[in-house]
Amino acid sequence: MKRIAALCVVVLAAAAHGDELKRYAYSWPLTLAGDSAAWQVELPLEVYPSLTDPQLRDLVVVDAQGNAVPTAARAADPATSVSARSELPLFALPAGLPAGAADGPLDLRIERDVDGRLRSIGADLGAASTKTAAASQDYLIDAGRLDAPIDSLRLDWDEGAGTVNAQFALGASDDLQSWRSIVASANVLGLAQDGNRLELHEIGVRGVHAKYLRLRRLDHGAALPGLRVSVVTSAQSGPPRAAREWLAPAPIDAAATGTPMPGGGVEYRYSLPAALPVEAIKLDLGIDNSVARIDIASRSGAAQAWTTRAQLTAFRLRQGDDAIINDATTLPGPARDREWRVQSATPLSHAPTLNLAWRRDRFVFLGEGKQQYRLVAGSATARRADYPVEVALAQLRSKLGTGWQPPLAIVGTRETLAGDAALKAPTPTSKYDWKTFLLWGVLVAAAAAIGYLALSLLRGQKSSS
């Protein structure tokens with residue numbers, strides 16, 4: 001009898017697990033390499049359209065038996081350095097120095113302080129001193145104190161500089177003798193016209209790590225007063241974050257003219273394939289020598305109000321073979337919205353290109369490398385429980401080292417569970433549920449039957465006495 005009861009419990013448990021998985025739309029098998037107590041999983045793009053919960057709680061990792069394992073969103077690692085901006089010393093180079101690596105190394109006299117930082121720079125020009133050159137606008141940047149690679153370089157100048165349109169080249173060296181080209185040509189701008197202000201200060205350098213940078217002016221414009229240079233560096237003690245990906249959603253309005261606004265201007269609507277965590281915006285007007293004041297907003301759906309994400313002056317200028325466009329705008333935090341709106345105060349001949357940058361979310365789950373796991377996602381009713389996964393990770397780091405990170409699982413091909421039916425909310429039950437009435441009817445009938453039996457027993461006892 002006990003064996004039959006145990007078998008019934010197993011069957012009921014298996015049926016419960018099967019029913020639980022049927023509450024989810026899709027699953028993705030996970031491949032684990034090696035052995036670990038915790039793993040990370042990076043969500044591919046195709047997972048997001050199936051998610052219904054704004055906090056991504058309709059997502060969990062299950063084992064081979066369909067049991068949910070402790071799963072939580074990947075929190076920012078305190079041991080990971082994100083990004084930092086630092087101002088660097090800038091030294092004007094004397095006129096007459098070689099213009100580039102092809103002209104030979106820089107023959108400089110350098111004075112350093114006790115910390116090894118540059119204090120002053122002189123030059124032995126030799127034969128180069130016979131060249132007729134205007135005042136130099138070349139600069140040497142001391143980047144020796146930086147431990148992390150440089151992602152971007154920013155030039156600033158005094159506000160009274162007026163109109164600025166300067167072109168620079170950037171080189172890098174570790175010994176002032178051997179130089180390599182980093183940026184062949186980049187423009188910085190400071191233009192004002194009819195109340196519009198165009199600002200372009202950033203020069204992307206893509207992870208350069210060098211002791212010295214040489215900033216060389218390519219045009220012959222006026223010197224920039226009060227020129228200052230700062231850099232943005234980023235470094236991580238663990239594996240790199242998910243790479244930033246760019247999407248350019250097509251405008252909803254197929255007619256490229258957009259929708260006129262009541263107060264003037266034009267509006268364009270865009271839609272993402274899912275509510276992705278957007279962290280940066282870049283707008284390209286697409287027409288040379290154009291400028292417009294832009295307001296960019298987003299919302300999760302038609303029932304929600306628009307939230308302003310960026311207000312900027314967009315521009316696209318043509319200088320020779322180069323197109324100069326406005327910088328990307330980084331948002332203060334991820335915006336998980338599907339619908340986006342671009343409003344231009346001035347009419348545009350066609351829809352601008354809206355580029356949105358996002359990074360894939362990462363989740364951590366606890367498990368064993370020898371087990372088989374699946375990521376299940378998409379449900380109108382199922383929600384992931386709150387697991388103290390960070391506490392477990394802290395214990396693992398105390399044993400494996402503060403720099404330890406959970407290895408990354410590989411996400412396989414999508415498999416269908418309940419499909420899109422799991423994404424639909426269940427139909428609300430009637431105010432008068434027939435099941436409830438039936439249950440009460442059974443209980444009343446049972447009580448009446450028990451009462452009848454009790455009365456029958458009492459009558460039988462009286463008659464026998």
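Which side chain meets arginine 154 in a salt bridge? Select glutamate 202 together with arginine 154, and you will find that their side chains form this salt bridge, with a distance of 3.4 Å from N to O. Keep in mind throughout the tour that the model on your screen is predicted.

The structure holds 19 salt bridges, and another one to select is formed by arginine 383 and aspartate 53, whose closest N and O atoms are 3.5 Å apart. Arginine 383 sits in the loop between strand E28 (373–377) and helix H2 (389–400), while aspartate 53 sits in the loop between E2 and strand E3 (59–62), so this pair ties together parts that are 330 residues apart in sequence. Are the two partners buried or exposed, or something in between? Arginine 383 counts as partly exposed because its relative accessibility is 38%, whereas aspartate 53 is buried, with a relative accessible area of 12%; the cut-off for buried is under 20%.

Move on to glutamate 279 and arginine 359, whose side chains meet in a salt bridge at 3.0 Å from N to O. This pair links distant parts of the chain, since glutamate 279 is in strand E20 (residues 277–284) and arginine 359 is in the loop between strand E26 (353–358) and E27, 80 residues apart. Both glutamate 279 and arginine 359 are buried. Returning to the residues of the opening question, select Arg85 and Asp156 along with Arg154 and Glu202, and you will have one network, joined by salt bridges that share partners.

Zoom in on strand E12 (residues 180–193) and E13, which pair in the antiparallel sense over 5 bridges; here glycine 190 stands opposite glutamate 199 in E13.

**The largest nonpolar core**

Select Leu153, Leu155 and Leu213, which are the residues with the most contacts inside the largest nonpolar core, a group of 27 residues. At least two residues of this core come from each of several strands, including strand E9 (138–142), strand E10 (150–156), strand E12 and strand E16 (228–234). Strand E11 supplies the largest share, 5 residues.

**Strand E27 and its two partners**

Which strands run antiparallel to E27? Strand E2 (residues 38–42) is joined to E27 by 5 bridges, with tryptophan 39 having phenylalanine 365 as its bridge partner, and strand E4 (residues 71–73) is joined to E27 by 3 bridges, with alanine 72 having valine 364 as its bridge partner. Strand E27 (residues 362–366) is mostly covered, as 4 of its 5 residues are buried.

**A hairpin to follow along the chain**

Next, select strand E21 (residues 290–299) and strand E22 (residues 307–319), which run antiparallel and are joined by 9 bridges; isoleucine 294 has leucine 312 in E22 as its bridge partner. Strand E22 also runs antiparallel to strand E23 (residues 322–325), with 4 bridges between them, and one place to look is glutamine 319, whose bridge partner in E23 is aspartate 322. E22 and E23 form a hairpin with 2 residues between them, and glycine 320 in the turn has a positive phi of about 65°.

**A last stop on the surface**

Finally, show the surface and select Leu439, Trp440 and Leu443, which form a nonpolar patch with about 350 Å² of accessible area together. Leucine 439 is found in helix H3 (residues 434–464), and leucine 439 counts as exposed because its relative accessibility is 51%, the cut-off for exposed being over 50%.

Methods:
Residues are numbered from 1 along each chain as its sequence is written. This is a predicted model: local features need pLDDT of at least 70, side-chain atom pairs count only at pLDDT 80 or more; totals for chains, interfaces and linings use all residues. Side-chain values use heavy atoms; hydrogens and water are left out. Two strands pair if DSSP finds at least two bridges between them. Patches are made of residues with over 30% relative accessible area and no salt bridge: like charges are joined within 9 Å, nonpolar side chains (Val, Leu, Ile, Met, Phe, Trp, Tyr) within 5 Å. Accessible areas come from the Shrake-Rupley method with a 1.4 Å probe; for residues, only the protein chains shown count as cover. A salt bridge is a side-chain nitrogen of Lys or Arg within 4 Å of a carboxyl oxygen of Asp or Glu. Buried means under 20% relative accessible area, exposed over 50%, partly exposed in between (1.4 Å probe, protein chains only). A nonpolar core is a set of buried Ala, Val, Leu, Ile, Met, Phe, Trp, Tyr and Cys residues joined through side-chain atoms within 4.5 Å.
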